[in-house]
Amino acid sequence: PGPVDAPARRALLLVLGSYLLLALAYGAVVPVFEQPDEHTHFFMAQHLAETGQLPVQPADEDERGPWEQQGSQPPLYYALMTPVYLLSRGASVEVQQYLLRLAVIPFGLLTVFAAFRTTRLLFPNDWFMLITVPAFVAFQPQISYEAAMVNNDIVAIAIFSLLIWGIVAGMKRAFPVRLCLLL
């Protein structure tokens, strides 16, 4: 632990709290299905939750289901959203949409946290960097935008952020076997 750890952690909590409030506000203010492709992500999650199967993509684009191109994307995000969808099954589509939006916010928080941990590895005693990098990530419009709508992009961003943190940790620690297995 460096000399700036305690203040940096407090500042990180402030950044994470502010980010959470921003994401909650953004997710609540933007009307349902107003985000690009949000409706297709919703219908893909709905299809997987209700059928337990991935959709079959027809060769003819005119015959696609309501999930459109999302049916050909990797299913991790949709599998993660299945329990949320199932728990909200009796609710209106609007309520389901808002609950699915809430379910992706933790991936944005994880992205900010990974930025902090990566920065801490690279600049352990630099207060400016320890605060500025996660704050920049948290308030970069695309991150807060992606983490407040129904879509699979923020999951990919969070996973990639964790991979960067792991790679930097490996470079600092000569890639121990446990880290290699995690990566």
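Predicted model: local features only at pLDDT ≥ 70, side-chain atom pairs only at ≥ 80, totals over all residues.
Residues are numbered from 1 along each chain as its sequence is written, and side-chain values use heavy atoms, with hydrogens and water left out.

Let me begin with the overall fold. The protein chain has eight helices and zero strands, where helices (H or I, at least four residues) and strands (E, at least two) are DSSP runs numbered from the N terminus. Along its principal axes, the C-alpha trace spans about 60 × 40 × 25 Å. Of the 183 residues, 40% count as buried; here buried means under 20% relative accessible area, exposed means over 50%, and partly exposed is in between, with a 1.4 Å probe and protein chains only. If we take contacts (heavy atoms within 4.5 Å) between residues at least 6 apart in sequence, 72% of them join residues at least 24 apart.

I turn now to asparagine 151, which sits in the loop between helix H6 (141-146) and helix H7 (153-173). Is this residue buried or exposed? Asparagine 151 counts as buried because its relative accessibility is 1%. Its side chain reaches the backbone oxygen of glutamate 146 at 2.8 Å, and a polar atom of that side chain lies 3.4 Å from the backbone nitrogen of isoleucine 154. For such polar contacts the criterion is a pair of N or O atoms within 3.5 Å, where within protein one must be able to donate a hydrogen and the other to accept it, and residues adjacent in sequence count only if both atoms are side-chain atoms. If neighbours within four places in sequence are left aside, asparagine 151 is in contact with His41, Tyr77, Val104 and Glu146.

Next, the aromatic rings. A search of the whole structure finds seven aromatic pairs, where rings of Phe, Tyr and Trp (its six-membered ring) pair if their centres lie within 6.5 Å, and planes under 30 degrees apart count as stacked, over 60 as edge-to-face and the rest as tilted. One of these is the edge-to-face pair of phenylalanine 42 and phenylalanine 43, with 5.5 Å centre to centre and 75° between the planes. Phenylalanine 42 also forms an edge-to-face pair with tyrosine 85, at 6.1 Å centre to centre and 65° between the planes. This second pair links distant parts of the chain, since phenylalanine 42 is in helix H2 (residues 38-51) and tyrosine 85 is in helix H3 (residues 76-87), 43 residues apart. Phenylalanine 42 and tyrosine 85 are both buried, whereas phenylalanine 43 is partly exposed, with a relative accessible area of 24%. Phe33, Phe42, Phe43 and Tyr85 form one aromatic cluster.

Then there is the largest pocket, which holds about 170 Å³ of space. On a 1 Å grid over the protein atoms alone, a pocket is an open set of points where a 1.4 Å probe fits, with protein on both sides within 12 Å along at least five of seven lines, and lining residues have an atom within 4 Å of a point. The elements that give two or more residues to this lining are helix H4 (93-122), helix H5 (127-139) and H7, and H4 gives the most, with five residues. By class, the lining has seven nonpolar, four polar and no charged residues.

Leucine 121 is also in helix H4, and it counts as buried because its relative accessibility is 13%. With neighbours within four places left aside, leucine 121 is in contact with Trp165, Val168, Ala169, Lys172 and Arg173.

Most residues other than glycine have a negative phi. Alanine 174, however, has a positive phi of about 60°, and it is exposed, with a relative accessible area of 65%. Phenylalanine 175, placed in the loop between H7 and H8, has a positive phi near 45° and is partly exposed, with a relative accessible area of 35%.

Conventions: Points joined across faces, edges and corners; volume = space filled by probe spheres on them. Nonpolar A, V, L, I, M, F, W, Y, C, P; charged D, E, K, R; others polar.
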